[in-house]
Amino acid sequence: MSALKLKNNFPLAPYTTFKIGGAAEVYFEAESKQDLIDAYNLSQQRGWQFTLLGGGSNVIISDRGINGLVVRNLYQEKKILQENEKTVLLRVSSGYSMSKLAQETVAEGLSGLEYQSGLPGTVGGAIYMNSKWTKPESYVGDCLQLAELLDNSRKVKTVNRDYFQFAYDFSILQKTKEILLTAAFLLSRAEKTALQERARQTLEYRRQTQPFGVFSSGCFFKNVNGKSVGQLIDALNLKGLSVGNFSVSDKHGNFIIHKGNGKIADLKKLIALIKTKVKKKFNIELEEEVIFFQ
Ligand code: EPU
C-alpha cells in the first residue's frame with residue numbers, strides 16, 4: 001500500500017455546503033480508486049471509524065467534528081464502456097461532480113441524467129441518497145446499470161441496479177456501508193435541443209424555487225408520502241423563523257439557512273421547533289433527510 005498523505009485535526013466545514021462543523025481526527029483526499037481502497041484498508045487495520053465525504057451537500061457535521069478517518073472523495077474518471085446508435089454505457093467515478101456529469105451528458109446528447117442538472121454533490125452521494133427530481137419523478141438510480149463497490153471485507157465487487165433497492169431517499173448503501181467506487185449509467189441518445197431545454201427548465205425551476213448562494217444543505221426533511229414538507233412548513237408561516245444564526249428559508253420552507261458562525265445547539269432548537277409545530281398541526285413526524293455526524 002502506498003503511504004497515504006494523512007492530515008490530523010483537519011477542519012471540515014469548508015468542504016460542506018452548510019459551512020458548519022469541527023475537524024476530522026484524521027483526513028485524507030482520495031484521488032483514485034486505489035486511494036479509496038487503501039484508505040478503507042488503513043482504517044480497518046487501525047480500527048478507525050471510516051467516513052466518506054462527497055460534495056458535503058447533504059451533511060451536517062457537529063461542532064465536535066468526526067472521529068477516525070474522514071476521506072474526501074476526489075476520484076475523477078469517466079469512460080465509455082459500450083455504445084451503439086441508441087445507447088451509451090458510461091462509467092463514472094464516485095467522486096465525480098453530479099452537476100458536471102449532467103451538463104456533460106446533456107451536451108453529448110445523452111439522456112438519463114438531465115434532471116440532475118444543478119444538483120450539488122458527487123455521483124457517490126447522489127447514488128447513496130438516490131437523488132431525485134419530482135417534475136417529472138426521476139431518480140439517479142433509474143439509469144444506473146452496474147456499479148463497483150468495496151465491501152466490508154475489503155473486496156471489490158460488481159453489482160447491478162437491483163442490488164441497490166432504490167426507493168425515495170434510499171439505496172442499500174445506507175445499510176451496508178459499502179463504498180461506491182464507480183457507477184455505470186445506461187444513457188440513451190436523444191435529440192440535443194429538447195434535452196438541453198429539459199436541463200435548462202430543471203435549473204430554472206431550482207433557481208426560482210430554492211435558495212441559491214447561501215449556506216444550506218438542500219432540503220432538510222424527507223417529504224412524507226409524496227407531500228412537500230416545504231409546503232407544510234410554509235402553510236404554518238414558518239418561513240423566516242430563526243434561532244441563533246439559522247433560519248427557515250424565505251424561498252422554500254424545507255431549506256434551513258446558516259447565516260455563519262452558527263452553533264449546532266441552535267440548529268437543533270430550530271429543528272425541534274419545526275418538528276413540534278408540524279406534528280401539532282398535521283400530526284406528521286418529520287424525519288431529517290440531511291445526515292448528521294455527531
Ligand atoms: N411549496 C410551497 N411552499 C414552499 C415550498 C414548496 O408552497 O415553501 C409548494 C410548491 O409551490 C409546489 C409544491 O410545494 O407546488 C412542491 O414544491 P417543490 O417542487 O419545491 O418540491 P418539494 O417536494 O418541496 C422536492 C425535493 C427537492 C427537489 C424538488 C424538485 C424532497 C424533500 N425535496 O421538493 O429535493 O429539488 O422536489 O424536484 O424530496 C433535496 O433533496 O435536497 C431537494 C431540495
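This is a predicted model: local features need pLDDT of at least 70, side-chain atom pairs count only at pLDDT 80 or more; totals for chains, interfaces and linings use all residues.

Trainee: Is Ile-66 buried or exposed?

Mentor: Buried. Its relative accessibility is 4%, and the cut-off for buried is under 20%.

Trainee: Which residues is Ile-66 in contact with, leaving aside neighbours within four places in sequence?

Mentor: Leu-12, Ala-23, Ala-24, Glu-25, Gln-49, Thr-51, Ile-61 and Phe-293. Take Thr-51: 15 residues separate it from Ile-66 along the chain, and their C-alpha atoms are 8.2 Å apart.

Trainee: Switching to the ligand. Which residues come nearest?

Mentor: Thr-134, Tyr-168, Tyr-205, Cys-219 and Asn-223, out of 22 residues around the ligand.

Trainee: What's the make-up of that shell by class?

Mentor: Ten polar, six nonpolar and six charged residues.

Trainee: And which elements each supply at least two residues of the shell?

Mentor: β9 (132-134), α5 (192-209) and α6 (229-235).

Trainee: What about polar atoms? Where does Asp-234 sit relative to the ligand?

Mentor: A polar side-chain atom of Asp-234 is 2.8 Å from a ligand nitrogen. The backbone takes part too. A polar backbone atom of Gly-253 lies 2.8 Å from a ligand oxygen. For Gly-230, a backbone N or O atom is 3.4 Å from an oxygen of the ligand.

Trainee: How much of the ligand does the protein bury?

Mentor: 80% of the 820 Å² that the ligand exposes when taken alone.

Trainee: On to strands. Why is β13 described as largely enclosed?

Mentor: Because eight of its eleven residues, in the run 179-189, are buried.

Trainee: What does β13 pair with?

Mentor: β7 (residues 87-93) is one partner, antiparallel, with seven bridges. There, Leu-90 bridges to Phe-185. β11 (residues 144-150) also pairs with β13 in the antiparallel sense, over six bridges, and Glu-148 has Thr-182 as its bridge partner. Then β8 (residues 110-111) runs antiparallel to β13 and is joined by two bridges. Ser-111 with Ser-188 is a bridge pair there.

Trainee: Last topic. What is the strand order in the open sheet of three?

Mentor: β14-β15-β16, with antiparallel pairing. The edges are β14 (242-243) and β16 (256-258), each pairing on one side only.

Trainee: How many bridges link β14 and β15?

Mentor: Two. Val-243 has Phe-246 in β15 as its bridge partner.

Conventions
Residues are numbered from 1 along each chain as its sequence is written. Side-chain values use heavy atoms; hydrogens and water are left out. A residue is near a molecule or strand if one of its heavy atoms lies within 4 Å of it. A polar contact is a pair of N or O atoms within 3.5 Å; within protein, one must be able to donate a hydrogen and the other to accept it, and residues adjacent in sequence count only if both atoms are side-chain atoms. Accessible areas come from the Shrake-Rupley method with a 1.4 Å probe; for residues, only the protein chains shown count as cover. Helices (H or I, at least four residues) and strands (E, at least two) are DSSP runs, numbered from the N terminus. Ala, Val, Leu, Ile, Met, Phe, Trp, Tyr, Cys and Pro count as nonpolar, Asp, Glu, Lys and Arg as charged, and the others, Gly among them, as polar. Buried means under 20% relative accessible area, exposed over 50%, partly exposed in between (1.4 Å probe, protein chains only). Contact means heavy atoms within 4.5 Å. Two strands pair if DSSP finds at least two bridges between them.
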